[in-house]
Amino acid sequence: MVVSPVVLMVVGAVVGAVALAFVFQRAGGRLLFGLGLGAIAGAFGSALFMVPLDYCTFEAERESLDRVFGAIFVLAGIALVVTPVGWLSGKLLRHESLMSGEQTQGTFRHWWIALPLLAPTLTILILFLYYPSLETLRLSTMLSRLGARREVFVCVDNFTRLVDDPAYADTFIRTMYMSFFIVVLSMSLSLLIATMAYLPLRGASIYRILLVWPYAMSPAVAGIIFLLMFNPSGGLVNYLFGKWFGIKLGWLNDPAVAPWTVILASVWKSMGFNILFYIAGLQNVPKDLIEAGAIDGAGLLRRFWHIVWPMLSPITFFLVVTNLTYAFFETYATIDYLTPGGGPLQSTTTMMYRVIQLGVQNNDMGKAAAQSIVLFLTVIGMTVVLFRTGGRQVNYGV
Amino acid sequence: MTAAYRETARVTPASSWKKTVRSWLPKRWYAHLILVVACFMSGIPLFYALIVSTQTNAEVFRYQFTPGSGLESNWNVVFYERHLHTYMINSVIMTAGITIGKTVFSLLSGLAFVYFRFPGKWLVFGFVLITLMMPTEVLIIALFRFINDLDWQNTYYALIVPFTASATGTFLFRQHFASIPAELSEAAQLDGANPLQFLFRILVPMSWNTIGALAVVQTIYAWNMYLWPNMIISDPDMQTIQTGIGTLRLGGGALRFGPLMLGTVIVSLPPVIVFILLQKQFMSGFTLTRDK
Amino acid sequence: MKKLVFLSIALVMVMALALPASPISAQEKTKIDVWIAFQDYRWDWAKEVAAEFNEMFPQYEVVVTGGYSYETMFAQVAVAAEQGQLPAVVQYFEAATQDARDSGLFKPIADALGDRTEILGMKVDMEDYVAPVIAYYTLDGKFTSMPWNTSSAIMFTNMDYLRAAGWDKPPATWQEIDAACEAVMALDNAPEYCWTFPNHGWFFEQWLAVQDALYVNNGNGREARATEVAFNSDAGVAILQWLDDQYDKGYLYYSGAQGGDSWSTVDQAYSTQQVAIAVYSSSDTTLYTETMSEEGGFESVASFYPYNDEVGWTGNLIGGATLWLVDGLDPAVEEGALAFLVYFTNTENAADWHKVTGYIPIRMSAYQMLIDEGYYEDHPSQTVALEQLAQSQITPATSGALVGGFPAIRNVVTAAIDRVLLTDDDPAEVLAQAAAESNVIIEEYNLLNAP
């Protein structure tokens, strides 16, 4: 080993001890106890990820990239253990109730009845969500094929190889920009249409139904219908384009255009959902506020930007998160029907698509698991960033 | 800012109020135009699919816009050659199972979180909420192996059971129950009702909007599921429709668009109908409309 | 409350009805499960033959289950193996041969048959098969699996276009295609493109085989376990170079679809006469030379796979799938399964299968029978695939590659073709990269599977 596990534990212990000492100091607890608790928590945290990995990232033959991963895991482990311990001890020391601000009236006397009530949901979640998550983590450190004689432990190779892989970088960037456009285009068009549709026009309810129903379509169906229409050699769109404009685009076989066909199909399908929520959101904006703005002499756009838009922010926020999830995960069906095989030059291969291609077609489960973890972290990361930036700007009322 | 303006608004006489409203509202025709165009764009793909579903391949490639002559043969292909009804039944069972299961389990857990105090409650709640961040797509490879280990491949269990727990549902019901005055449950307890009776006799009748909203979302979600059924079902008799319509592409020959579109249209009808029928519940269930 | 209870009960009842049936209690019949990867008319045919067998031998009950595709069949079998729930017979495609071999799940047919020349009163003749078929499926000197649906790669030509351009028979070589296309594209009613093929790695393998070039090392994986690919040779580069050339000249139509879904784009292009020539699998000969011809009103003929004039023609590969016998079966089941396999692929059935589908008649006796019947006078195009295989020289290159992770490697090759056609990248470089990627796949496969 390049770095001994003991050294790592000591590092963890020091970090933990310092952190908890700080907490204890502020909460008025015994410093020595805090140091001790922190040391234990920190040491344990440093081993949290490394013990299952058997400290493999620090073995002599490994490269520096592996060490970097190892270091990240150690730090992450420390943070994951020390933070809750610190939070808990802080609360306990300040004698705050662990159950905050909950209604105490109206609750039933026999608290243990709650357990069987929760049991179905919890069991399913543990069995079918948490356990597969652990299994995914385990698989990501393996070379594994269905039907093979054995599995081989490869430490973090499935991850480190992604770092140098230009094809994966392409996939990553492509997923990002496709998702960006799906979300932005869908939401901005929906907002525009919703502002028209929420007005008390004649036939507004008919408009609404006609605009919103694509939400009920499945991504698969969107893919199929667009396959019919945008087929480069027999599809309606190219036929009309040829007649009217004299040009034909390679909707599905041109690597520059194919992603846009997917984006178009995805936007078409998701607009219904966004329009629905925006209409509802717009209806919640008090009309007198807008009128007041009009009296003030503010123009249409200024009124919109300064009054309506901030009031829509909770809905916008919710929609961004939902649309992001849709763009990253559910466009798989659309891509599979529209450009099976991942598109010319893999131009419509998103990260999700690549995971399935690797795991199912190439029977390479380890790499697929590793890539799904990267995908997951990416989405989490983006959501967290959104929560931090957008969350502050969201105001829930005047 | 607001109080003063509200005052002004109330005091302003009727005619200038109308003028104010009109000055904010864009000209009606402008709105109508945009909306019509939008509806057009929104509806054309399915409308075209509808037309194509009645045509033979030859007519499709001639780009005729009127219904064609192939409806009967397309129908035969869809139902007799390709057994779409088998797939639809499977999807109905799967969708019903998931929707009912999820609703019931979420009701129970919502009840537990609002009307009980037990140690570690927030921990458990957090435990459930975190799963919002764990979409099945990420876990799908491991889930595939696990379901196979359970020997559930090609069964309804595999399609239904993993999806009967829902953080969204639990969260929704929790929010909804928490907004109900506590006196109600106190009164129920005084009457000697046990928690389940309270749930089904009192809470549920008050929650139809939320239940309806969840049902709409779940039905659409379950009906439209593609990735998971694709992976776990290899037996053609057990396949669900989203993958099933894909078999219409196989055709044993050239790609036949007529049957494919007919299948697509049929497949899209149920969720659309459910959505339109339950639209009101959907809107109020998510407290999207101003509450009564 | 009542509503919910009622609904829940209804749900439970529905689920109970729909649950997979519990295992059938022991009957006198020995049940033989056969899993094949078809869901269409081919599955129907197999079920009919199984019904005939069941009537002939009432002590057995053969049940043929259909499936999606070869890839899902493979995954299904792997899973069933872990559960200990394997059927008696499984259909694997040719690329999965190495996996089948490594899995240890199957018993070579030769071992199961022993020296017998008949089983249950039916004659057994394992030498009656077309030579390339025997060559492909003989591993370690033993006939391993039962050939069933075998095809080869051939070419279909829309003779209306060619005759108008002054050609009275289809082009035979790459160079002739070039010349023919030049003529065809100069016509007034020229099609949009001259020729096309499904972008599936199998066609690349065929073009290597006709040039007598190896796909992987160690005698194409037959002398010893394959450890590296060999397709990044001059022959391989020549293929990509030629395809790129044809695409740049506007002769080759490429739909952008890759792999399994690219076949239907070729169907569409040929049947709507947007291309004059389609390089395709012989398994759809009937469709291309008869059905499309009738519906489209054009003359469509089959001919040999185009080869590289500069290198000459060695022979073509087979494609398709075979039936594997599971090892460790109950002796009664194994006996029944073996008998069924023999019946399923006997002379009459082989001839019938050929007529119904277009897969080659794998037995020479079946071929002879059809000739005697005069079948080929009405269907001249149907002989092409078999003739091509019968005339092929048997070399390691034309015996087909045996390597693990073959489907994944095929995808890599398909992507390489895609890249060469759509970009200006140098074919040699692209192929070299594909080779590097494939070598990693083989290495990992061997790591996990080599004994």
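**Entry 1: chains A and C**

I looked up salt bridges across the interface of chain A and chain C in this predicted model, and the rule finds two. A salt bridge here is a side-chain nitrogen of Lys or Arg within 4 Å of a carboxyl oxygen of Asp or Glu. I noted one of them, in which the side chains of A:Lys367 and C:Glu444 meet with N and O 2.8 Å apart. By class, the side of chain A that touches chain C has nine nonpolar, 12 polar and seven charged residues. In these classes, Ala, Val, Leu, Ile, Met, Phe, Trp, Tyr, Cys and Pro are nonpolar, Asp, Glu, Lys and Arg are charged, and the others, Gly among them, are polar.

I then counted residue pairs in polar contact between chain A and chain C and got 12, with both residues at pLDDT 80 or more. A polar contact is a pair of N or O atoms within 3.5 Å; within protein, one must be able to donate a hydrogen and the other to accept it, and residues adjacent in sequence count only if both atoms are side-chain atoms.

Next I took the extent of this contact (heavy atoms within 4.5 Å). Chain A brings 28 residues and chain C brings 33 residues. The two chains bury about 2400 Å² between them, with 49% of it on carbon and sulfur atoms.

**Entry 2: chains A and B**

I repeated the search for chain A and chain B. About 10300 Å² is buried between them, and carbon and sulfur atoms give 76% of that. From chain A, 107 residues take part, and from chain B, 113 residues. In chain A, the residues that lose the most area to chain B are A:Phe108, A:Phe128 and A:Leu228, together 8% of what that side buries.

The rule finds one salt bridge across this interface. B:Arg145 pairs with A:Glu151, and their closest N and O atoms are 3.3 Å apart. Helix α4 (residues 114-139) of chain A gives the most to the side that touches chain B, with 19 residues. Helices (H or I, at least four residues) and strands (E, at least two) are DSSP runs, numbered from the N terminus. I sorted the chain A side by class and found 75 nonpolar, 21 polar and 11 charged residues.

**Entry 3: chain C**

I counted 20 helices and 14 strands in chain C. Of its 451 residues, 61% count as buried, where buried means under 20% relative accessible area, exposed over 50%, and partly exposed in between (1.4 Å probe, protein chains only).

I then picked C:Gln211, in the loop between α9 (201-210) and α10 (217-220). C:Gln211 is buried, with a relative accessible area of 7%. Among the residues it touches are C:Trp174, C:Ala235 and C:Asn308. A polar atom of the C:Gln211 side chain lies 3.0 Å from the backbone oxygen of C:Trp207. C:Gln211 and C:Trp313 are 102 residues apart in sequence, yet their C-alpha atoms are 6.2 Å apart.

**Entry 4: conventions**

Residues are numbered from 1 along each chain as its sequence is written, and chains are lettered from A and ligands numbered from 1 in the order in which they are written. In this predicted model, local features need pLDDT of at least 70, side-chain atom pairs count only at pLDDT 80 or more, and totals for chains, interfaces and linings use all residues, while side-chain values use heavy atoms, with hydrogens and water left out.

Terms used:
Buried area = accessible area lost by both parts, 1.4 Å probe. Lists of a residue's contacts leave out its neighbours within four places in sequence.
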